[in-house]
Amino acid sequence: MPEWEDLCNRCGLCCFEKWLDHNGRVHATPIPCRYLDIVDRTCKVYHKRFTVGEGCVKLTPEVVRSVNWLPEECAYVIHMRKTNPE
Ligand code: SF4
């Protein structure tokens, strides 16, 4: 079984600003986090992202299960759907 962090395919989709509509639905925007390299889709401050990135969240299995703002295409979301079907 691959290590948890190896599941990430580095698509960078989680690193774009989102907004909540009045129904509580999450919508992605085309605005990237200021630290996302939009060419290679990597974080420019990866090793210190939790201290410099406002709102940057460590994606643990518990977090992936409980948040609604990760894209459906996220490799973690797909993995959790396969391994923990509801
Ligand atoms: S959306 Fe998921 S797979 Fe893509 S970079 Fe973010 S954590 Fe990794």
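Predicted model: local features only at pLDDT ≥ 70, side-chain atom pairs only at ≥ 80, totals over all residues.
**Entry 1: the core**

I looked up the largest nonpolar core and found nine residues in it. They are Leu 7, Leu 59, Val 63, Val 64, Leu 70, Cys 74, Tyr 76, Val 77 and Met 80. I then checked which helices supply this core: α2 (61-66) and α3 (75-83) each give at least two residues. The largest share, three residues, comes from α3.

Leaving out residues up to four places away in sequence, Leu 70 touches Cys 14, Leu 59, Val 64 and Val 77.

**Entry 2: helix α3**

Which residues of α3 are buried? I noted Ala 75, Tyr 76, Val 77, His 79 and Met 80. I also looked at what covers these buried residues, and the cover includes α2.

**Entry 3: aromatic rings**

I searched the whole structure for aromatic pairs and got one. Trp 4 and Tyr 76 form this pair, and the rings are stacked, with 4.4 Å centre to centre and 25 degrees between the planes. The pair links distant parts of the chain, since Trp 4 lies in the segment before β1 (16-20) and Tyr 76 in helix α3, 72 residues apart. I looked up the accessibility of Tyr 76 as well: its relative accessible area is 6%, so Tyr 76 counts as buried.

**Entry 4: Arg 49**

I placed Arg 49 in helix α1 (residues 49-52). Arg 49 lies over the face of Tyr 46, at 3.8 Å from the ring centre.

How far from Arg 49 is the nearest side chain of opposite charge? That side chain is Glu 5, 4.4 Å away. A salt bridge needs the nitrogen within 4 Å of a carboxyl oxygen, and Arg 49, although buried, has no salt bridge. I did find Glu 5 among the contacts of Arg 49, along with Cys 43 and Cys 56, not counting residues up to four places away in sequence.

**Entry 5: salt bridges**

How many salt bridges does the whole structure hold? My search of the structure gave four. I wrote down three of them, as follows.

Lys 58 and Glu 5 meet through their side chains, at 3.6 Å from N to O. This pair links distant parts of the chain: Lys 58 is in the loop between α1 and α2, Glu 5 is in the segment before β1, and 53 residues separate them. Lys 58 is partly exposed, with a relative accessible area of 45%. Glu 5 is also partly exposed, at 35%.

Asp 21 forms a salt bridge with Arg 25, and the closest N and O atoms are 3.6 Å apart.

Arg 81 and Glu 72 make a salt bridge at 2.7 Å, N to O. Arg 81 is partly exposed at 43% relative accessibility, and Glu 72 is exposed at 54%.

**Entry 6: Gly 53**

I found Gly 53 in the loop between α1 and α2. Its relative accessibility is 12%, under the 20% limit, so Gly 53 counts as buried. I checked Gly 53 against Cys 33: the two are 20 residues apart in sequence, and their C-alpha atoms are 8.3 Å apart in space.

Definitions and conventions:
Residues numbered from 1 in each chain as written. Heavy atoms only, no water. Core = buried A, V, L, I, M, F, W, Y, C linked by side-chain atoms within 4.5 Å. Buried < 20%, exposed > 50% of the residue type's maximum accessible area, 1.4 Å probe, protein only. Helix = DSSP H or I, 4+ residues; strand = E, 2+ residues; numbered from the N terminus. Contact = heavy atoms within 4.5 Å. Phe/Tyr/Trp six-rings, centres within 6.5 Å; stacked < 30°, edge-to-face > 60°. Lys NZ or Arg CZ within 6 Å of the ring centre and 35° of its normal. Lys, Arg positive; Asp, Glu negative; His and termini not counted.
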